[in-house]
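Okay, thanks for coming, everyone. Let me put the next one up on the screen and walk you through it.

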2 protein chains.
Amino acid sequence: MTEPNRPSLTQGLRRAIRLRPDGVAVIDGAKRFSWRETADRVARLAAVLRARGLVDGGRVILLSLNTHRSIETFFVAIHAGGVVVPLNHRLSESELVSQVADAAPSIIILGDGFGHFASAFGQAAGGDPPIIWAGETDASGRAVAFEAELAAATPIDDAGREGDDLACILYTSGTTSAAKGVMLSHMNLIANTLNTVGALDLDETSVHLHHGPLFHVAPAARLFSVTHVGATHVLLPRFVAREVIAEIERTGITHATFVPTMFRALLDEPALAESDMQSLSVISYGSAPMPEALLDEMMAALPGARFLQSYGMTELSPVVTILGWRDHLPENRRPGLLRSAGQPVLLADVAVVGLDGNRLNDGQTGEIVARGPNRMLGYWNKPELTAEALRGGWMHTGDAGYFDEYGYLHVVDRLKDMIISGGENVYSQEVENAIATHPAVSECAVFGRPHPHWGEAVHAVVRLKSGAQVEAQGIIDYCRDRIAHYKCPRTLEIRTEPMPLSGANKILKAKLRAELLLSEAGLMGRSGQ
Amino acid sequence: MTEPNRPSLTQGLRRAIRLRPDGVAVIDGAKRFSWRETADRVARLAAVLRARGLVDGGRVILLSLNTHRSIETFFVAIHAGGVVVPLNHRLSESELVSQVADAAPSIIILGDGFGHFASAFGQAAGGDPPIIWAGETDASGRAVAFEAELAAATPIDDAGREGDDLACILYTSGTTSAAKGVMLSHMNLIANTLNTVGALDLDETSVHLHHGPLFHVAPAARLFSVTHVGATHVLLPRFVAREVIAEIERTGITHATFVPTMFRALLDEPALAESDMQSLSVISYGSAPMPEALLDEMMAALPGARFLQSYGMTELSPVVTILGWRDHLPENRRPGLLRSAGQPVLLADVAVVGLDGNRLNDGQTGEIVARGPNRMLGYWNKPELTAEALRGGWMHTGDAGYFDEYGYLHVVDRLKDMIISGGENVYSQEVENAIATHPAVSECAVFGRPHPHWGEAVHAVVRLKSGAQVEAQGIIDYCRDRIAHYKCPRTLEIRTEPMPLSGANKILKAKLRAELLLSEAGLMGRSGQ
């Protein structure tokens, strides 16, 4: 029998050329490339990679800020039969070097600001692989230039990888273990596209803003989705509220993804109210608990946009549940709905299991497990960890959660900084929700601090809106009018510096907690009372 | 390494229960079933099928009009590890019997009106398989009853088939060859869902009307799509314009599919203008050329609905290109756009090749070929035909077409009854478009009749709107004001009987042409002049 056809990421690129050959594929500052140009550049640089020794399944390291060459590199590596391995530039050199050694790449591509890694990466890779310089302004001595090589090359055909063939390795750094390389196949990443494009209403008329680093799974996966529907990519090197707002107006962005801290930053930026945001029709958010007050404020500020939340993880390519835009409409709200992660995407089975691995009933809390064609192939070079994570074919997320009576998933692990104070459970998010409604508050984080009497006491760190003035006690009193006294912060720090953020822009509560403990040990009372 | 997860049609059913456990799954006349009830019935009858000898991959024949049990049977067969084989009840007994013999089923399920086939089918199947009676009113002596068995059974778990496992065999009857059983896998049918739900805007809030027989690939594939998104199925036994309109109003239908003759029938029905059609938001059409005038009339009658056209074939599960709703908007129209079949769906590579199998450039006409995970596994029991159809992994559609400069596919084979008259090419559709704008005309078909001087002469068969009166010459003169004289019908028959229709509701021009030739041979001049 003829072999069945398998989905292929390069088919997505072919489709984009077919749908919008002369339509804009990528906007990167003043530069614009059509889909035809992008595909031509990809097929040329793929020829360079093959000529320089890349074989099927060979790894291509990418370390760069977001540029059009980053997007191209994802497709170049795959078109040439390779595997793209985008690294997190926020990591330390030693972390990066250990990932390069683990990936054992055949090719290394470096962008502006990362030329100095050439030698260390080359050594770590062992085989002295070619280094391609994808930057604008300078190059290390050994590197060959992306643009010069591309211009001289003859385009080649797609290597034809598809289905379960490895396409991408993304390193995730657990808090407790060394970084693991999550292996995602063509099928995995296409499954994520198929699982999300309908909910996102993403099609060839969409214009998608990438402000987040492409080494994270959410933007990396979105990169493939935006291409597959033949939409337009717009790149910003990083999230800066004022620049994001200007870009939305300038290029008519229709789709963007934000985390809660970015909602706050956008709302605090006077340009938001003064700019034409009408093009922005779909806003997805996730990766950190979203205070309802903040969401309401954002929805009021952008009444023409649909909001949706997604939940997932790198090992699931990443989305497994979505809380859709209809769930955000006032007429559909019910208590707790917006704290739910929503319902399974098209191709995902999602279940909650007990310690014995058996399924739990709705309402019972256990480990969230998921399966579907979006589930990773495994961890690179880590068969034991893979077997452990994928027991019975299900990805064991390590997140705790339950399904409610409406079939909506609740991830209680997002509330894992639950505070146990005097025997009472206090959920940080509930306290944060209360504080966030205070008109002077811009951002806040709530966690437990050790207390000799109650075990833990509720502590809050708050950043005020620019120009706002309020005492710590004023905010605590405000909370007492709104939530049970035992849930209210006993101590509250008003902070002027920005909150410490993770690579995924979550507030690093662990860091705030460590700072607090250090300041207490040093008898440097920084907290508000 | 842990095996990758594969898509599975039963996961679609599980998802529907998760999304809308108590939501309406199926409306069949006065009966309504929730998703929980439907899934329970499926898991029970699946137990019956296993107990009665169905093994993994065993075929389950279904011959029934559309009822809730038809929909259930599709999932029962698959849940039990089998393969559903829905037969076309419009075929002759000998055709049906030969398909049963070819499929060699383990189980036969018959609905009302088909009990008399029990004995012939049982014999054809060889092994004297159990026959399950899915009707309401009577049963053949040998049959076991669907409802009684179901009620007594204990639900079983899904057999776990997925991916490339065979799920469905659909017999297609070519005009020139014996019926071929098209083998569609779980992956094939899910790929079609993924390829179409975004364009159809089909989700858990949708209410889908099935008026077409489920043995055709388009409704059969849609059955899986509607289930996968957790929407509601509404069944009518057949298309009757007045009943369709009443059902749209009664159950709030959001999605329906029509062919051109149905557009005409709906427009000719006074109830259309008098009924509340506001729920109807998406109308898909296809399978026959759609006259622009008719489409415009329909769009004007239902201004709140989005229209889209799809092109495909059973072997492609079926959709490969879609002309989207935006292409139907007045501001996006350009000449010829509505005669295009649109652009490739998400997972399909579509190309046009010459006789040597090489790709042709845009603008050049050749054979349309397509590949993707929606491409069939092959023809049942026909390895040579399979190898021929799937050369190089591509489905060779047998349709001729070209891509235009905008990347839109045009299927000129739909115009294959092109008439060559006096050396000039006349495209039937263009003439039909002209005739269809005449206010008295309900339906028409244009084709060539042999002519001693010109080779062929343009001939039209026209059915008038009820109560309308016009002479054949009046319509011919009307055409002369609108299209080139050489394209106008030289002869035109005004017909009072309904047009002969194929199983897919296409006007059977071959039959009209044969009738014409017979009447000429018998010197029974029936045409208008």
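So, how many residues of chain B are in contact with chain A? It's 37 residues of chain B, and they touch 37 residues of chain A, where contact means that the C-beta atoms, placed from the backbone, lie within 7 Å.

Quick housekeeping: this is a predicted model, where local features need pLDDT of at least 70, side-chain atom pairs count only at pLDDT 80 or more, and totals for chains, interfaces and linings use all residues. Residues are numbered from 1 along each chain as its sequence is written, and chains are lettered from A and ligands numbered from 1 in the order in which they are written.

Back to that interface. On the chain B side, the elements giving two or more residues are α1 (9-19), α7 (186-200), β16 (343-344) and α13 (383-389); helices (H or I, at least four residues) and strands (E, at least two) are DSSP runs, numbered from the N terminus. The top contributor is α1(B), with five residues. By class, that side has 15 nonpolar, twelve polar and ten charged residues; nonpolar is Ala, Val, Leu, Ile, Met, Phe, Trp, Tyr, Cys and Pro, charged is Asp, Glu, Lys and Arg, and the others, Gly among them, are polar.

Now the symmetry. Chain B goes onto chain A with a rotation of 180° and 0.1 Å of shift along the axis, RMSD 0.2 Å, by least squares on C-alpha atoms of residues with pLDDT of at least 70 in both. That's a two-fold axis relation. In chain B, B:G198 has the C-alpha nearest the axis, 2.3 Å from it.

Conventions:
Contact = placed C-beta atoms within 7 Å.
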